[in-house]
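Q: Please go through the aromatic side chains of this model, setting each value against the definition that it rests on.

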Amino acid sequence: MASSLSSSKSFVSGSRSTTEGGFFQTSDLRKFSSPTVQISVRRSTPRKLAVQAAGSTYGNYFRVTTYGESHGGGVGCVIDGCPPRIPLSEADMQADLDRRRPGQSRITTPRKETDTCKIYSGVADGVTTGSPIHVSVPNTDQRGHDYSEMAIAYRPSHADATYDFKYGVRSVQGGGRSSARETIGRVAAGALAKTILKAYSGTEVLAYVSQVHKVILPEGVVDPETLTLDQIESNIVRCPDPEYAEKMIAAIDAVRVKGDSVGGVVTCIVRNVPRGLGSPVFDKLEAELAKALMSLPATKGFEFGSGFAGTFLTGSEHNDEFYTDENGRIRTRTNRSGGIQGGISNGEVINMRIGFKPTSTIGRKQHTVTREKQEIELIARGRHDPCVVPRAVPMVEAMVALVLVDQLMAQYAQCQLFPINPALQESLELPKIEPATMSS
């Protein structure tokens, strides 16, 4: 076999071009032409690759693009793909923006912004029209002079240096796009997403602070089935347990007066989640949630269900056994899976935890370098949160809601467009569009 292959003649005589990626030259192919068969060959022109890497848009069906910088004219978002005829006003978004805004208590940044939003398009007569929704919030309390030192020196563990490494230029005042003010657009869009989820399937997204520094809310103190927004909002740290809330506030106060900062954990639960959200392999629901939540400023970790603690269990200890409830629905007796199995929601409560680092901009002396690579000492000025987690709560809720709305639309388009298999699937029932029940 080897000898016959080596001695066989080449099918096409003549030389081949190696400059065309190893393919025949035009002259080679013309040898096959005859009076009745003509082969025309057009030279292919190399095409330039276009890379879209702006990084400011999330979602495939319910798409949100945020814009603006900390010390620019304003911040906001454009929401594309929103279903029409959804009742929407500025007040519907303002409630969550007020939970996110700075200056709301002594344990947040003292920057004073009302964060009053205005809707410029996509809404007519109090309902969405199906066209892009533009929401804008002006910046009114900028102090650019606070960043004079940061113009030449990099804040340790901040995005200052990496923005220079990537772009060769950066917006110094307020950190530009790396500032948490960018999340205003996310929270505004998330408020709309939560309204859609609640109206469509009764889905509720609630987040709360479960850890500040070394103060950890014990497992089981909060019941995910009965947790309410009022419990979360009953104190300035947004921990639903009053006793631990006081301990957390004290921990923040202790570092605040020293010009230092601490991190913490935000826990998020989602009730009444439709089954079937998420797709196998690369678009698993937990993967989408992780990407969305880890895109928030200062995030350092994500886990759902049993998380890393599940690694200490055996399979028999960890598995969620199935049963049939009184309504004939298949349920699980435990929920170590966190409401997601195989990357797809199973209808149980989704629970996840997001770790936030200590705020990197602090009022204590630190060693750093300048843009000219000179080693110096820096004491950062400006107004910054001693702990980001109290204000991160509505940000987490927003990103989770944006993921779920996008996945809900994907599920309806792929798996609910034609009659379902009622023995195994649950229908995503369409609600009646009634403003009294749709408004949040």
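A: Y163 and Y167 both lie in helix α4, 4 residues apart, which is about one turn of the helix; helices here are DSSP runs of H or I with at least four residues, and strands are runs of E with at least two, numbered from the N terminus. This is a predicted model, in which local features need pLDDT of at least 70 and side-chain atom pairs count only at pLDDT 80 or more, while totals for chains, interfaces and linings use all residues. Residues are numbered from 1 along each chain as its sequence is written, and side-chain values use heavy atoms, with hydrogens and water left out.

Q: Why is the pair of Y163 and Y167 called edge-to-face?
A: Rings of Phe, Tyr and Trp (its six-membered ring) pair if their centres lie within 6.5 Å, and planes under 30 degrees apart count as stacked, over 60 as edge-to-face and the rest as tilted. The ring centres of Y163 and Y167 are 5.9 Å apart and their planes stand at 65 degrees, so the pair is edge-to-face.

Q: What makes Y167 count as exposed?
A: Buried means under 20% relative accessible area, exposed over 50%, and partly exposed in between (1.4 Å probe, protein chains only). Y167 has 51% relative accessibility and therefore counts as exposed, whereas Y163, with a relative accessible area of 26%, is partly exposed.

Q: How many aromatic pairs does a search of the whole structure find?
A: The search finds 2 aromatic pairs. Y154 and F165 form an edge-to-face pair, with 6.4 Å from centre to centre and 70 degrees between the planes. This pair links distant parts of the chain, with Y154 in the loop between β7 (133-138) and α4 (160-167) and F165 in helix α4, 11 residues apart.

Q: Which accessibility class does Y154 fall into, buried or exposed?
A: Y154 has a relative accessible area of 11%, so Y154 is buried, while F165, at 65% relative accessibility, counts as exposed.

Q: How do you know that K166 lies over the face of Y167?
A: A charge sits over a ring if NZ of Lys or CZ of Arg is within 6 Å of the ring centre and within 35 degrees of the ring normal. K166 lies over the face of Y167 at 5.5 Å from the ring centre, and K118 lies over the face of Y120 at 5.6 Å from the ring centre.
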